[in-house]
Amino acid sequence: MKYLDVDGIGNVSRIGLGTWQFGSREWGYGDRYASGAARDIVQRALALGVTLFDTAEVYGLGKSERILGEALGEERGRVAVASKIFPVAPIPPVIKQRERASARRLQLDRIPLYQVHQPNPVVPDSVIMPGMRELLDAGKIGAAGVSNYSLARWQKADKALGRPVISNQVHFSLAHLSPLDDLVPFAERENRVVIAYSPLAQGLLGGKYGVENRPGGVRAANPLFGTENLRRIEPLLQTLRAIAADVDAKPAQVALAWLISLPGVVAIPGASSVEQLEFNVAAADIELTADSCAALTNAARAFRPVSMRRFLADTVREKLTRR
């Protein structure tokens with residue numbers, strides 16, 4: 001495993017575990033899942049050196065935090081647990097109350113990383129961040145972070161906090177490249193962290209899907225899995241497959257290895273089984289050459305997905321054609 005030493009948090013594994021599915025009904029939440037699959041996944045993650053575990057108060061309406069806190073057991077105070085507050089009425093008293101509730105569910109006295117889940121479109125960070133600063137001053141959290149923030153808003157949050165907002169958790173993968181141009185350079189320059197969620201683009205970067213093999217279920221509604229986008233992304237997938245063959249790995253592992261080769265970037269893929277967790281963690285051991293990284297970056301930049309409007313129009317036309 002590879003690590004980053006993050007101010008206020010400590011050693012953060014470059015591959016973490018996203019636990020949004022812990023407590024979600026579509027993943028079979030219940031006593032059996034909480035004490036079985038979730039516990040096994042977390043315990044195996046700990047054994048493999050994973051130290052970053054990401055959750056949020058809205059995941060399963062608090063169930064994810066409870067399941068994670070229980071599954072971590074006595075290790076919960078020795079790893080980098082990250083949670084998030086959804087910024088509804090984010091004034092300082094509310095922020096402190098919600099942090100206490102998350103800490104109770106996680107069975108922690110101190111949350112190592114506490115993040116603002118979304119930028120509030122109405123309430124500025126000059127109102128939100130004083131509450132986070134009070135939590136820092138009281139030792140209730142180790143570091144303050146944000147999620148889904150633009151660079152400009154991240155910098156405003158910095159100013160409002162009066163100290164570094166240490167991390168920004170964003171949608172980032174070879175199929176969703178925008179953080180590479182501004183957030184990653186900022187993180188490198190200012191010694192911050194970019195936390196990449198959906199780092200495998202819902203499995204698209206695993207290389208098994210294509211025009212003749214489209215997924216069903218919730219993925220079918222994702223524009224990336226539309227017919228035209230599957231055509232357009234094929235050169236990137238071919239590059240992933242070729243590099244994966246060279247390093248004796250799978251395309252999804254190479255996609256993760258590319259992300260964590262970037263300065264200040266960690267990835268938090270989810271895992272529905274111990275086997276999937278082990279597969280993801282193995283990506284930390286892959287060493288990509290500079291040429292391979294450049295080839296992946298160039299292929300990713302060449303991918304130009306169609307607009308949502310085009311995706312919807314194509315989807316309707318395809319359904320009418322099949323009738």
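**Entry 1: strands S8 and S9.** I began with Val170, which stands opposite Ala196 in S9. The model I am reading is a predicted one. I then looked up the pairing around this position: S8 and S9 run parallel and are joined by five bridges. I also checked how far S9 is covered, and found four of its five residues buried.

**Entry 2: the sheet.** I traced the strand order next. The sheet is open and has eight strands, in the order S3-S4-S5-S6-S7-S8-S9-S10, with parallel pairing. I noted strand S3 (17-18) and strand S10 (265-267) as the edge strands, each pairing on one side only. Helix H7 (residues 183-190) packs on this sheet, where I found it touching strand S8 (167-171), strand S9 (193-197) and S10. The direction of H7 makes about 145° with that of S9.

**Entry 3: strands S6 and S7.** Strand S6 (residues 111-116) and strand S7 (residues 141-147) run parallel, and five bridges join them. I recorded Ile141 in S7 as the bridge partner of Ile111.

**Entry 4: nonpolar cores.** I asked which residues have the most contacts inside the largest nonpolar core. They are Phe53, Phe172 and Trp258, in a core of 90 residues. Helix H9 (residues 251-260) gives the most to this core, with eight residues. I then listed the contacts of Phe53, leaving aside its neighbours within four places in sequence: Leu17, Val42, Ala45, Leu46, Leu68, Leu72, Val79, Ala80, Val81 and Ala82. A second, separate core has 14 residues, and I noted Val6, Ala82, Leu113 and Val193 among them.

**Entry 5: helix H11.** I checked the span of helix H11 (residues 290-302). Its 13 residues reach 18 Å from first C-alpha to last, close to the 18 Å expected at 1.5 Å a residue. I then asked which residues of H11 are buried. They are Ser292, Cys293, Leu296, Thr297, Ala299 and Ala300. These residues lie on the same side of H11, because they cover an arc of only 165° around the axis. Last, I looked up what covers the buried residues of H11: the cover includes helix H8 (227-246) and H9.

Key:
Residues are numbered from 1 along each chain as its sequence is written. This is a predicted model: local features need pLDDT of at least 70, side-chain atom pairs count only at pLDDT 80 or more; totals for chains, interfaces and linings use all residues. Side-chain values use heavy atoms; hydrogens and water are left out. Two strands pair if DSSP finds at least two bridges between them. Helices (H or I, at least four residues) and strands (E, at least two) are DSSP runs, numbered from the N terminus. Contact means heavy atoms within 4.5 Å. Axes are lines fitted to C-alpha atoms, for helices over the stretch in contact, and angles run from 0 to 180 degrees between N-to-C directions. A nonpolar core is a set of buried Ala, Val, Leu, Ile, Met, Phe, Trp, Tyr and Cys residues joined through side-chain atoms within 4.5 Å. Buried means under 20% relative accessible area, exposed over 50%, partly exposed in between (1.4 Å probe, protein chains only). The expected span of a helix is 1.5 Å times one less than its number of residues. The arc is that of the directions from the helix axis to the C-beta atoms.
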